[in-house]
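Dear colleague,

I am passing on the structure below, and after it you will find my notes on what turned up. Please read them with the structure open beside you.

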Amino acid sequence: MKAAPGIERRGFNAWLARRIPPSTRITLSQVNIFIFPTRSGFIFGVLLLTLLVGAINYQNSLVYALVFMLSSIFLITILHTFRNLSGLSLEVCEVRSGFVGEDIEFSVRVERSKGEGREGIEIGWPGGYKQSVELFDEQATTVRLYLNAHARGWLIPGRLLVETCYPLGLLRAWTWVDLKAQGLIFPKPIFDQSHNSTLSGQRDDGVLVDPLGSDDFVDLREYVPGDPIKNILWPTYARTGELAVKRYASYLEPRLWFDFAELPGDAEEKLSRLAGLAISATQSEREFGARLPQLEIAPGIGEMHLNAFLRELALYGHPR
Amino acid sequence: MAIQGSPLAQVLAYQIPRNSLALLMVAQLVVLAPLVIHVSPWIVGVYLVCGLWRWQVYVGRWNYPVGAVKSLLVIAAVVGLFFSGFQSYSLEAGTSLLVLAFALKLLEMKKYRDAYLVIYLSYFLIAIAFLFDQSLLLTCYAMFSLIVVTAAMVGMNQRQAKVRPAASLRLAAILIGQAIPLTLVLFLLFPRAAPLWSIPLPSAATTGISDRLTPGDIANLIQSDDIAFRVMFEGNVPPQRELYWRGLVYSQFADGTWTMNKNAKPQVSLGRQGRGTAYDVFLEPTQSKWLFTLDTPVEYGRRQQLLSDFRLVNADPVLSVLRYRIVSDATKILDPSIDDALRASETVLPAKDNPRLRAYATEIYERSGRNASLMANVLLTEIRKSPFHYTLKPPQLSPINSIDEFWFDQQKGFCTHYAGAFVFALRAVGIPARVVGGYQGGEINPVTGHFVVRQFDAHAWAEVWLEGSGWTRYDPTNAVAPARVERGLRAALSNSDRTSLSFLTVARLDDQSLFGSTLKFIDSLEHLWNLSVVGYDVAAQADLLTKLLGRVTPVRVGLALFVGGGISVLLVVGVLFFRRRHAARNAAEQVFQNFCAQLARQGYDRAIHETPAEYISRLGTIAQINPKPLILQLHAHLYDPEFESNRKALSELRKEFRKLRFKLAFSTTVQAS
């Protein structure tokens with residue numbers, strides 16, 4: 001089934017949105033399950049017609065009976081195929097962020113209602129691989145679906161296809177559910193050493209951080225329980241009977257400021273380079289910030305800062 | 001809605017699951033089994049070779065055949081079919097072709113699509129088996145095949161690593177079981193139609209009596225205890241000696257063989273209404289158009305036609321069990337007068353063979369004063385008085401003057417010999433006479449009261465045209481072996497004849513034996529099957545619809561179908577969606593639940609707040625027993641996941657609950673009285 005482009009497709013989507021409104025948790029029922037014969041089902045129909053003609057021409061009651069039996073099986077199968085999807089609840093429980101070009105993992109939790117087990121169900125995003133789902137003894141399972149990220153920003157996989165041809169493959173029951181899933185896609189990082197070095201010169205005054213563990217002696221202060229014993233100034237103790245500890249300090253490496261305007265390439269490439277710089281800076285435990293047109297990202301350090309930084313880059317220029 | 005997997009994922013998705021493949025191969029075997037006797041042995045050989053090859057591929061020892069080998073196989077198969085005498089289309093040829101295609105498909109059964117083709121072919125072959133045989137036994141077998149084939153289809157859609165053919169079979173059986181009510185509704189109510197176009201005739205040899213009669217023919221038929229037809233009389237059953245089932249009329253004689261007059265025209269002198277003996281015939285397939293009736297059909301169906309020689313023919317060859325209703329009037333005079341053309345065709349003989357019988361005939365014709373009836377009686381007396389013998393194993397006769405040889409030299413023969421010689425003698429002097437073939441007698445089945453006529457009841461007799469009484473039946477066999485006509489074949493056979501018959505035939509002939517009566521019971525089942533299912537045709541359906549709906553209109557039939565079908569589907573909906581089954585944790589809880597349900601029916605409902613222990617204590621007080629041991633016993637097992645396998649403890653638990661239930665029932669009656 002090819003996507004019909006243009007207005008028809010938009011019309012279909014609008015209809016679908018009315019029919020199965022987006023929701024974080026959707027339970028399948030007769031409201032949102034569609035069912036239609038598969039190609040095998042139509043060929044089965046042709047077989048039935050052929051047999052019926054045979055029964056009529058040979059006036060054979062038992063061939064008639066066989067035709068009716070097979071037709072009845074077909075009709076009963078509609079119920080079974082429908083039942084296989086009906087009562088399933090779906091929700092997206094976790095989405096991992098990632099970079100452009102990566103496969104983004106969406107964890108979808110599939111839960112069944114009580115009663116018979118389910119089998120032969122396939123779920124997948126449009127454009128992704130389908131995963132098969134079976135629920136026999138267990139009541140629920142989590143399916144990991146992957147979708148390749150093509151652009152930074154929010155990756156909205158669209159409607160999740162849930163389908164089954166169980167039990168005979170003659171009928172396909174399916175539905176398209178919008179679980180409001182979205183994954184954050186960061187720009188694909190570009191690592192470039194040359195730019196890194198030039199930018200590192202852009203520094204301001206460092207911040208004096210907690211001095212313990214550094215080499216440069218600063219001053220003395222009173223002992224507080226928890227201070228390392230090796231820092232205790234024993235001669236002073238011997239002299240005065242007071243415990244004093246030596247304070248050492250080091251200044252941080254200067255803060256890095258990355259300037260959007262100074263980076264080569266077009267806007268997307270600049271964002272990619274920023275991402276690369278941010279990752280390198282985090283790896284070398286440097287504090288960094290960035291200046292972009294209409295956006296200044298305050299300097300910070302560590303994984304949390306990197307995530308927030310990448311998030312800003314991912315959504316830069318996108319409506320929030 | 002474009003969903004595309006990776007190429008690898010697609011390949012995997014379209015491969016046949018192994019579980020299903022094994023089922024598929026079993027299904028093929030099951031479906032082919034009943035067809036084996038209808039195709040040439042070499043085709044079965046081809047199937048076995050292909051099956052072995054595919055099995056070796058399945059277990060991973062061999063590879064699929066390469067393209068060249070496959071092409072070679074196909075060419076060899078087509079050549080083989082051609083040389084098996086299947087140049088033109090027939091049922092057997094078509095079946096052979098399908099079976100061959102089925103076998104060769106095995107060697108390239110790799111993908112999803114191939115599997116479905118094989119499954120559909122399997123359904124088709126089940127239908128084809130019905131064209132050859134509609135017995136109850138085959139139908140039961142077909143149900144089994146249906147489950148296996150459907151299970152193979154289920155297996156195709158169960159994508160799981162575990163091989164579970166039992167689960168596929170179970171689901172297939174459930175599907176079929178749930179389809180039965182709807183099938184019944186459709187079977188009874190779906191409008192039946194007359195054949196849309198004429199179908200190719202099977203090249204298969206006709207079974208039963210043929211349209212050519214050589215003296216040995218019927219003697220061969222006697223070896224067979226196959227059923228020719230069954231009959232249900234509506235009123236009194238005519239005596240055995242009157243049961244001449246007339247089917248074929250042989251008016252031409254050449255080279256020792258009697259043949260049928262192919263150009264018989266439709267009968268015009270008799271109407272389609274009359275009174276007489278009414279009966280329904282269930283004719284087994286003969287692949288021919290002729291039907292068997294008592295003398296003389298005056299009322300018959302629309303698709304039947306009475307010909308100028310008073311035999312009844314069907315519009316189409318009888319390929320499956322045919323039910324037809326006849327009213328026969330034995331008193332009808334057939335052809336009160338005959339024209340010259342008919343007289344000529346019914347007295348014609350080859351120029352000069354069997355000279356001795358011709359001379360003899362002329363002699364007795366003169367002796368009986370040129371009176372046809374007298375001459376016939378003289379001939380019968382001759383047969384009775386001379387040392388003629390009735391035997392199933394007559395000596396070989398030369399083809400040229402066979403009748404002379406029989407009449408004057410051997411004097412040993414079977415019904416065809418006597419009828420043939422009798423008619424020949426009459427024709428030799430210009431008296432219109434002809435040989436009639438059909439069946440004589442039959443035996444009544446005491447279970448359902450129907451008559452069974454078997455191939456060994458095949459018989460030939462004569463008809464002579466007499467001034468004033470028209471065509472009159474003469475049975476020369478009656479003169480040599482009166483027991484044959486009075487009491488059936490068994491009485492007429494000598495011991496040496498009986499030894500030549502098959503074991504089953506002897507058993508059928510001997511109705512005193514237990515085995516014989518068992519066979520009769522099976523036959524009555526088969527008859528009921530024919531009556532209700534196989535014989536359910538356009539007419540039977542019209543009857544039922546009239547009874548059911550009063551007036552049969554398309555709207556009413558449609559409505560009945562809709563209502564009946566709706567109810568059958570709703571039944572399944574109820575089972576699938578609304579069956580609330582409280583799942584028991586283990587067997588012990590199941591036992592307890594069953595107990596609760598039974599007691600609820602006795603009026604001791606378990607209150608919603610009651611634990612099992614409280615419930616049993618309360619019941620114990622009523623029944624005046626100590627409930628402690630039972631509570632302990634139940635508690636010991638209730639939370640044991642392994643309890644299922646402990647059969648002894650399970651049955652003990654059941655026994656204890658049963659005891660309590662009986663005590664309660666007893667105390668209830670005591671209270672009531």
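Chain B is divided into domain 1 (7-157), domain 2 (162-192 + 537-579), domain 3 (212-519) and domain 4 (587-672), with bounds that come from an automatic or database domain assignment. Taken over C-alpha atoms, the centres of domain 2 of chain B and domain 4 of chain B are separated by 41 Å.

Please bear in mind that this is a predicted model, in which local features need pLDDT of at least 70 and side-chain atom pairs count only at pLDDT 80 or more, while totals for chains, interfaces and linings use all residues. Residues are numbered from 1 along each chain as its sequence is written, and chains are lettered from A and ligands numbered from 1 in the order in which they are written.

Where the two chains meet, 46 residues of chain A are in contact with 51 residues of chain B (contact requires that the C-beta atoms of two residues, placed from the backbone, lie within 7 Å). On the side of chain A that touches chain B, the elements giving two or more residues are α2 (39-58), α3 (61-85), β6 (118-124) and β7 (131-135) of chain A; helices (H or I, at least four residues) and strands (E, at least two) are DSSP runs, numbered from the N terminus. The most comes from α3(A), with 17 residues, and the residues of this side divide into 28 nonpolar, 13 polar and 5 charged (Ala, Val, Leu, Ile, Met, Phe, Trp, Tyr, Cys and Pro count as nonpolar, Asp, Glu, Lys and Arg as charged, and the others, Gly among them, as polar). In the loop between α2 and α3 of chain A lies Q59(A), whose phi is near 45°, a positive value in a residue other than glycine.

Chain A also has an open sheet of 3 strands in the order β15-β16-β17, with mixed pairing, where two strands pair if DSSP finds at least two bridges between them. Because β15 (256-259) and β17 (295-300) of chain A stand at the edges, each with a single partner strand, one side of each is left without a neighbour in the sheet. Strand β16 (residues 288-292) of chain A runs antiparallel to β17(A) and is joined to it by 4 bridges, and F288(A) has G300(A) as its bridge partner. These two strands, β16(A) and β17(A), form a hairpin with 2 residues between them, and Q294(A) in the turn has a positive phi of about 60°.

In chain B, 6 strands form an open, antiparallel sheet in the order β1-β4-β3-β12-β15-β16, with β1 (212-213) and β16 (470-474) of chain B as the edge strands, each pairing on one side only. Strands β3 (residues 244-254) and β12 (residues 433-440) of chain B run antiparallel and are joined by 6 bridges, W245(B) having Y439(B) as its bridge partner in β12(B).

Helix α8 (residues 165-189) of chain B has 25 residues and reaches 35 Å from its first C-alpha to its last, close to the 36 Å expected at 1.5 Å a residue (the expected span is 1.5 Å times one less than the number of residues). A kink of about 40° lies in α8(B) at I180(B), shortly before the proline P181(B), the bend being the angle between axes fitted to the seven residues ending at a residue and the seven starting there.

Finally, two cis peptide bonds deserve a look. One joins Y166(A) and P167(A), with omega about 0°, and P167(A) is found in the loop between β10 (160-164) and β11 (171-177) of chain A. Another joins D295(B) and T296(B), with omega about -20°.

Best wishes
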